Amino acid sequence: GVEGGGKLGIVVDNQTGDMPIVHAIKEDSALHGEVRVGDILVSVDEVDCRGMSAVQVSRLISSRMNNPARSLVLLRDSGGSC
């Protein structure tokens, strides 16, 4: 899990309609080096993100912006595709 308050500086996409995926990370992101493009966003503060659109995920993250203990659960896809 990753924790932090303020703007996270990550861009999430959900083209499959299943699990949101980290699409981009801004250089000034608080999560730079912690999160990678392609990581799957499982939950934010224990709210399951499965099936959420990119807009819904962004709103959820923003709504938790003032929570200093905000917690993101990410899965790294190690599918071996290179």
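This is a predicted model: local features need pLDDT of at least 70, side-chain atom pairs count only at pLDDT 80 or more; totals for chains, interfaces and linings use all residues.
## Asn14 and its loop

Let's stay with Asn14 for a moment. You'll find Asn14 in the loop between strand 2 and strand 3 (21-25).

Is Asn14 buried or exposed? Its relative accessible area is 14%, and the cut-off for buried is under 20%, so Asn14 counts as buried. Leaving out residues up to four places away in sequence, Asn14 touches Met19, Pro20, Gly51, Met52, Ser53 and Ala54.

## The nonpolar core

Now for the largest nonpolar core, which has 14 residues. The members that touch the most other members are Ile10, Leu41, Val44, Ile61 and Leu72. Strand 2 (10-13), strand 4 (40-44) and helix 1 (54-63) each give two or more residues to this core, and helix 1 gives the most, with 3.

Take Val44 as a case: setting aside neighbours within four places in sequence, Val44 contacts Cys49, Leu60, Ile61, Arg64, Arg70, Ser71 and Leu72.

## The largest pocket

How much space lies in the largest pocket? About 250 Å³. Its lining has 13 residues, with Leu8, Gly9, Ile10, Ile61 and Ser62 nearest the centre. Strand 2 and helix 1 are the elements that give two or more residues to this lining.

By residue type, the lining splits into 6 nonpolar, 4 polar and 3 charged. Ile10 and Ile61 turn up here as lining residues and also in the core described above.

Notes
Residues are numbered from 1 along each chain as its sequence is written. Side-chain values use heavy atoms; hydrogens and water are left out. A nonpolar core is a set of buried Ala, Val, Leu, Ile, Met, Phe, Trp, Tyr and Cys residues joined through side-chain atoms within 4.5 Å. Buried means under 20% relative accessible area, exposed over 50%, partly exposed in between (1.4 Å probe, protein chains only). Helices (H or I, at least four residues) and strands (E, at least two) are DSSP runs, numbered from the N terminus. Contact means heavy atoms within 4.5 Å. On a 1 Å grid over the protein atoms alone, a cavity is a set of points where a 1.4 Å probe fits but cannot get out, and a pocket is an open set with protein on both sides within 12 Å along at least five of seven lines; lining residues have an atom within 4 Å of a point. Grid points are joined across faces, edges and corners, and a volume is the space filled by probe spheres set on the points. Ala, Val, Leu, Ile, Met, Phe, Trp, Tyr, Cys and Pro count as nonpolar, Asp, Glu, Lys and Arg as charged, and the others, Gly among them, as polar.
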